[in-house]
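Have a look at the model first, then read on.

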Amino acid sequence: MNQTTHTHSVYIDGNAPGGNIIGNYNNTSYKSDEDTQIMRWLSPLEPKYTHQDIQKRRFDCVGDWLLETGEFREWRGGEGGADKAVLFCSGNPGVGKTYLK
Amino acid sequence: MIDRLCDQARDGDIAVAGLYCDFLTWREQTTTNIMGAILKQLVGRGDIPKDVHEAFQKGKRVFGGREPLLVDLMRMLRIAIAPFPRVFICIDGLDECLPENLPGLLQSLRDIVQESPKARIFLTGRPHVGRAIQRYFARVVVIPISPNTDDIREYLERRLNSDPKPPEAMDDDLRADVRRTILDKMSDM
């Protein structure tokens with residue numbers, strides 16, 4: 001999705017003048033604008049902003065040990081198929097689960 | 001973790017989607033919105049697939065517009081996952097998800113794994129949500145996270161070195177005190 005399309009779509013969250021404006025966009029010149037609308041329609045959640053915030057606050061290398069564990073490698077490699085599809089990092093608040101890079 | 005998985009991805013053959021659960025935005029963190037956010041990340045990388053376009057147009061035709069239904073999102077997710085040899089879905093802070101939303105979320109994740117065996121799910125949360133996860137997934141790989149001494153030491157050194165106060169505000173003894181106190185506290189966690 002193109003970042004610049006945000007500026008075109010501001011009104012879709014507010015009271016759009018008339019209900020048919022979205023339908024007036026054709027597939028070519030406003031394609032990216034419709035893409036923006038679709039993205040908002042799919043979900044109001046925007047995890048990328050939280051992610052960018054965490055990127056700024058964390059330190060490199062923290063949690064590197066996790067990548068070296070056999071459990072992680074096996075899970076990542078997917079040898080276990082659907083049987084071993086889930087990896088759960090369990091820990092009390094504040095131990096740094098979110099900040100594992 | 002999302003970045004590490006992305007780093008390891010080559011030639012776009014791996015897709016990574018992630019989400020952070022947060023008490024502060026609990027109202028929006030429904031299973032439907034979470035699945036929508038995952039789908040959004042998977043399809044937002046390139047051209048939006050035809051079936052997503054169609055579902056959007058269909059939703060718009062309903063009087064007053066209609067938000068996507070979970071069943072439709074799950075169908076679109078299955079299609080979006082299909083082209084990738086491997087897809088990682090990371091959800092942080094499961095314990096911050098409302099208790100009444102958690103079963104629906106885990107059920108949907110299980111549906112994804114059953115329909116798309118190449119999907120990998122990475123979850124984090126307090127130990128107690130482990131039991132809820134195990135009700136939906138018979139075999140969960142659990143890795144306990146505890147503060148790692150090397151990580152904390154490294155972090156401390158950098159914070160001490162970048163402290164904006166004038167150097168005379170902290171002598172070596174005080175530094176040593178800070179180090180010792182924090183590392184002691186850490187061993188209690």
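1. How many helices and how many strands does the secondary structure of chain A come to? There are 5 helices and 1 strand, counted as DSSP runs numbered from the N terminus (helices: H or I, at least four residues; strands: E, at least two). Along the sequence they go α-α-α-α-α-β.

2. A word on the ground rules. This is a predicted model, where local features need pLDDT of at least 70, side-chain atom pairs count only at pLDDT 80 or more, and totals for chains, interfaces and linings use all residues. Residues are numbered from 1 along each chain as its sequence is written, while chains are lettered from A and ligands numbered from 1 in the order in which they are written.

3. Go carefully with chain A: its average pLDDT (the predictor's confidence in each residue, from 0 to 100) is 63, and 47% of the residues score at least 70. Over residues 1-30 of chain A the pLDDT is below 50.

4. Now chain B. Helix α5 (residues 102-115) has 14 residues and reaches 20 Å from its first C-alpha to its last. Its buried residues (20 or more other C-beta atoms within 10 Å of their own, C-beta atoms being placed from the backbone) include B:Leu102, B:Leu105, B:Leu109 and B:Val113.

Note on methods. The expected span of a helix is 1.5 Å times one less than its number of residues. A residue is buried if 20 or more other C-beta atoms lie within 10 Å of its own, exposed if 12 or fewer, and partly exposed in between; C-beta atoms are placed from the backbone. Two residues are in contact if their C-beta atoms, placed from the backbone, lie within 7 Å.
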